[in-house]
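Subject: Handing over the two-chain model

Dear colleague,

My notes on what was found come after it.

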Amino acid sequence: MHNNKHVDIQAVAQLAQLELTEQQARDFGAQLERVLEAFAALDAVNVEGVEPTTHPVPLPCPRRADEVTPSMARERLLDAAPARDEASFVVPRVISG
Amino acid sequence: MSYEAVIGLEIHVQLGTRTKIFCGCSTAFGAPPNEHVCPVCSGQPGAMPVLNAEVVRYALRMALACGCDVRRDSRFARKNYFYPDLPKGYQVSQHEKPLAEGGAIEVLHEGERFSVRLNRIHLEEDAGKTTHDGPGHTSLVDLNRAGVPLIEIVTEPDLSDAAAAAETMRTVRGIVRALGISDGNMQEGSLRCDANVSLRPVGQRTLGTKTEIKNLNSFRFVQRALEFEIARQRALLDGGGQVVQETRLYDDARGVTLSMRSKEEAHDYRYFPEPDLPVLVIAEAELAAARAELPELPLARRQRFIDVLSLTDDEASELVRERELGDYFEAVVAALGDADAREIKRAANFIRTELLSRIDDARDAASARVAPQRLAELLALVRADRVSSKLAKTIFAKMWDNRRSAEEIARAEDLFVEQDSAAVVAEVERVLAASPEEVAQYRSGKTKIIGYFVGQVMKATRGKAPPQLVNQLLREKLAGDD
């Protein structure tokens, strides 16, 4: 189908829960391919024996006391959702049956 | 062909902290939907997580209790997937460098003690709750549970039958309760597990294809689901078929596991280090403090009750079932002073029958209407032969109802053992005189009938006659021919 070296665009789309048309798959596939090619420059760097950096600043994870702080007003929270009922977010049914 | 099952568990324990793992929202169970939600746990843009210190303390306690190696620099990672109850589109978990690895859980099942080795224990956040009864083919999402702290305990595939797996879950509940890190309540979802199970011909070392049964939330379900799944796989293999590696759900109404085909597509979680949470560093002092906080675990306590207090296996098992019950028992024994084995056993039996029949949950022993000291006072009266064992139960019932002391009740209701032996002699003679037929039977060799006389005397003295004296008097009088 698409001769992308780095990316299976349909698999990526499926993980992102996106439905792509053939045209979109071609367009985005090619664009993503170019992005990844640019990053491929990093492959040239020799990182043998280098510990992967997960965080740029070597700080230990800060911790907070186990004390309750106020939550959000529920109305505000629910109003931000596309669909709601009295107390819950409403989404398309996610199981069959 | 004969097969053996190979079972591993992924056990989720909700930690009993007051607040969620990365925000200050309350974790209280049973609030109206979406009451305990903030920008962090609902995944609002820009909101930053801050780790709850208590979560680390609790998780360390579990790791040390299981003898795990604690990693001094563990990492958080994002596990990416889409589901409506996961507001951020990823779950913060630990992947490549979990908090703890190795260790084991000691399980006692059907009299046999065995070890279930652990692969790892890591920290993660819980997801929200989805219910599927919304109007017009919708689902409803409640995010109160989103961000509640969990530890996931992953076992090695060391289990080979369903009942042992269920017992392992019970053991985990006992441990987390003893540690005070979770209520371990399966009905409320504080303790649940996924079970991986495969079959292989007996004697074969390589593992067969496994299935994973998701979200088992009662001990009974763990056992039944595994029993069904083992039978299903056996039938498949016997019929020449193959097990398909897949995720399955247990449907208790039908007693079957069902394939979750919809979830099978592309399980690719694309884990990567959580940029919002730096490395979780555990200091030596912190480890030492956690170690110092470790209480005795239920199995060790059970063994001590057997070895030191001379209880039977059954007595000990029951008394260590909940920490509070074991504490109650030990408080009674301590208050009794230097009790001998017989008195300790009497205390154990009293608790098992009289106390446990009056509380719904053994954990309620901590707030029982009769405090351990009060029960010890009652048992001290039995020890001094001032109250009979039988009347002790009556007295306990009254103590339970009106919270008075054993001494007060025995005095007020005249329940002390009859100390006047002349009165007992008179009663014994009266009973024998009133039962000439039974006396003749006894003398013709039916000595078991002595129980009848004892009963009559006890009845007449309202249980207050000292049983030993009654027995002795009866034997003497019946042996003579007057």
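Predicted model: local features only at pLDDT ≥ 70, side-chain atom pairs only at ≥ 80, totals over all residues.

Residues are numbered from 1 along each chain as its sequence is written, chains are lettered from A and ligands numbered from 1 in the order in which they are written, and side-chain values use heavy atoms, with hydrogens and water left out.

The interface

The size of an interface is often given as the accessible area lost when the parts come together. Here chain A and chain B bury about 3700 Å² between them, with 57% of it on carbon and sulfur atoms; buried area is the accessible area (1.4 Å probe) that two parts lose on being put together, summed over both. Of the area that chain A buries against chain B, 21% is supplied by Arg63(A), Arg64(A) and Asp66(A), more than by any other three residues. The contact (heavy atoms within 4.5 Å) takes 34 residues from chain A and 56 residues from chain B.

Between the two chains there are three salt bridges, each a side-chain nitrogen of Lys or Arg within 4 Å of a carboxyl oxygen of Asp or Glu. In the salt bridge of Glu51(A) with Lys97(B), the closest N and O atoms are 2.9 Å apart.

Strands and helices are DSSP runs numbered from the N terminus, with at least two residues (E) for a strand and at least four (H or I) for a helix, and two strands pair if DSSP finds at least two bridges between them.

A three-stranded sheet in chain B

An open sheet of three strands in chain B has the order β6-β5-β17, with antiparallel pairing. Because β6 and β17 (272–273) stand at the edges with a single partner strand each, one side of each is left without a neighbour in the sheet. Strand β5 (residues 77–80) and β6(B) pair over four bridges, and Arg78(B) has Val92(B) as its bridge partner.

Gln91(B) lies in strand β6 (residues 90–93) and is buried, with a relative accessible area of 8%; buried means under 20% relative accessible area, exposed over 50%, and partly exposed in between (1.4 Å probe, protein chains only). Leaving aside neighbours within four places in sequence, Gln91(B) is in contact with residues including Tyr81(B), Leu86(B) and Glu125(B).

Two buried places

Strand β12 (residues 149–155) of chain B has seven of its seven residues buried, so it is largely enclosed by the rest of the structure. Strand β1 (residues 3–14) of chain B pairs with β12(B) in the antiparallel sense over five bridges, and strand β9 (residues 112–125) of chain B also runs antiparallel to β12(B), joined by seven bridges. Leu150(B) in β12(B) stands opposite Gln14(B) and also opposite Glu124(B).

Ser405(B), in the loop between α10 (389–402) and α11 (406–412) of chain B, counts as buried at 9% relative accessibility. Not counting residues up to four places away in sequence, Ser405(B) touches Arg374(B), Glu377(B) and Met399(B).

With best wishes
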